[in-house]
Amino acid sequence: MSSVSLVKKKVVIIGGGITGLSAAYKLDKESKRRGLDLEITLIESSHRLGGKIHTVHKDGFVIEKGPDSFLERKKSMSRLIQDVGLADRLVPNSTGQAFILMNDKLHPMPGGAIMGIPTQIKPFITTDLVSMTGKLRATADFILPRSKGDDDQALGTFFRRRLGNEIVENMIEPLLSGIYAGDIDQISLKSTFPQFYQLEQEHRSLIAGIKKTSPSPQVDHNGKKKKKSMFLTLTSGLQSLVDTLEEKLTDALILKGVKIESIDHADSGRYSLKMNSGEYIEADSVVLAVPHLAAQSIFHKKNLLSQFKDVPATSVATVAMAFPKNAVANMVDGTGFVVSRNSDYTITACTWTHNKWPHTVPEGKVLLRCYVGRAGDEAVVDLADDQIEAIVLNDLNKIMHLDAKPDWTIVTRWIDAMPQYTVGHRERLADIRNEMQHAFPGVYLAGGSYDGIGLPDCIDQGEKAADDVLDYIVR
């Protein structure tokens, strides 16, 4: 008989974002399925759950203050949504042309480009984003040798060697910066896009590798290629997943507005967690589902996780603005644009939300969602709301005509919210986890700072941490 059935085991999950919630939900389900006597406590330092997921409903709009969707091809989030009974609210994005803003002009993203990497000849030859010299340089990818050795390298280093500076600066960097808000000449290839390294190793040519491994495009009844929706969201907003998970955790203790200051070994053989109230809570196993800087602060007196102090995190802000439809002129048909770093703009991207997610906007309205802040350009995030709004409106008016001030603007700041997976990230993380396993066995790291920043990545990490906890306490 397992010792778990004789003595109630206590698990504490620190962090109530989607990672922590996923861990708690899986632990709760598995403990009931296995008949384990498990006490689960979820502790969140803020007064709401969800972390970066935060939906606001205003005047008939559905506004996401953080992520607005997730990648359809990563199945864990769709599976979780289905499991909690929200599958009927899943909706794909409306497909449409995406643009890159360069030299005060919106250039269509060339057809067939994968993360800015060209894979079709005609759209690439005709684009104005890259000069003829830059296009010729890109063909070197077909003859250049593979990367030597197995060492990690920066995304910028990898792509510049294969495709040249122009494609990197004008096509690849704007897209990758939009995902990571970071410096691609510092970000780790193997921690972000290891598949591109594998394609190069297997096919030598990156472009040839992508073409050979990409699925054939679907066609409609007229034989025309159909654009496939890449993203999914919930019609009720992503916050509804958070709220539903919270509702289903009826047997877990959820503490909000509570911060864990330290973790120590207790005389009982368990871990003793000190709360900011001065009180303590004990646990047999702990999931640290918090950003790396918060995790490091919990162990700073133990001189553990010290490597995290040198891992940068970028601050960004989202700016959602609502307009009457007739107040926005000269806006081309599409889903939005990203901004070339060489352009004289503060915004880094803009989603035409009313086109991409029509269900989020009332009839006759337009919703623009802009982004500011990235590595090396974060000062704008600290400005007052009205200053940020003025900067964004000034940028937008260079490429479209806004006849009126917005009906309302919602500025959301995410301070130190974008962890930067710099070169060597995987090796550092392995060392840190090895260190933790020896000093604090049964304490696990999970979340956007570690093994992927996307929502499905965080769910995967939360569920893996739950499996690790169960393996540890049932051993």
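This is a predicted model: local features need pLDDT of at least 70, side-chain atom pairs count only at pLDDT 80 or more; totals for chains, interfaces and linings use all residues.
Sorted by class, the lining of the second largest pocket holds 8 nonpolar, 3 polar and 4 charged residues.

Helix α15 also takes part in a helix-helix contact. Two packed helices are described by the angle between their axes and by the distance between those axes. Helix α2 (residues 76-83) packs with α15 at an angle of about 70°, and the two axes are 8 Å apart. Helix α2 is therefore roughly perpendicular to α15, because angles from 65 to 115 degrees are placed in that class. On the α2 side the contact is formed by Ser76, Met77, Arg79 and Leu80, which meet Leu455, Pro456, Ile459, Asp460 and Glu463 of α15. The residues of this contact divide into 5 nonpolar, 1 polar and 3 charged.

Glu463 is found in helix α15, which covers residues 455-473, and when residues up to four places away in sequence are not counted, Glu463 touches Ser22, Lys26 and Arg79. Of these partners, Arg79 is also listed among the α2 residues that meet α15.

A second residue, Pro123, has its place in helix α3 (residues 121-126). Leaving aside neighbours within four places in sequence, Pro123 is in contact with Pro110 and Gly111. Pro123 and Gly111 are 12 residues apart in sequence, while their C-alpha atoms are 5.6 Å apart in space.

The table sets out the accessibility of the two residues.

| Residue | Relative accessible area | Class |
|---|---|---|
| Glu463 | 12% | buried |
| Pro123 | 22% | partly exposed |

How is Glu463 classed at 12% relative accessibility, as buried or as exposed? Glu463 counts as buried because its 12% falls under the 20% cut-off for that class. Pro123, with a relative accessible area of 22%, is instead partly exposed, because that class lies between 20% and 50%.

How values were computed:
Residues are numbered from 1 along each chain as its sequence is written. Side-chain values use heavy atoms; hydrogens and water are left out. Helices (H or I, at least four residues) and strands (E, at least two) are DSSP runs, numbered from the N terminus. Buried means under 20% relative accessible area, exposed over 50%, partly exposed in between (1.4 Å probe, protein chains only). Contact means heavy atoms within 4.5 Å. Axes are lines fitted to C-alpha atoms, for helices over the stretch in contact, and angles run from 0 to 180 degrees between N-to-C directions. Angles under 35 degrees count as roughly parallel, over 145 as roughly antiparallel, 65 to 115 as roughly perpendicular and the rest as oblique. Ala, Val, Leu, Ile, Met, Phe, Trp, Tyr, Cys and Pro count as nonpolar, Asp, Glu, Lys and Arg as charged, and the others, Gly among them, as polar.
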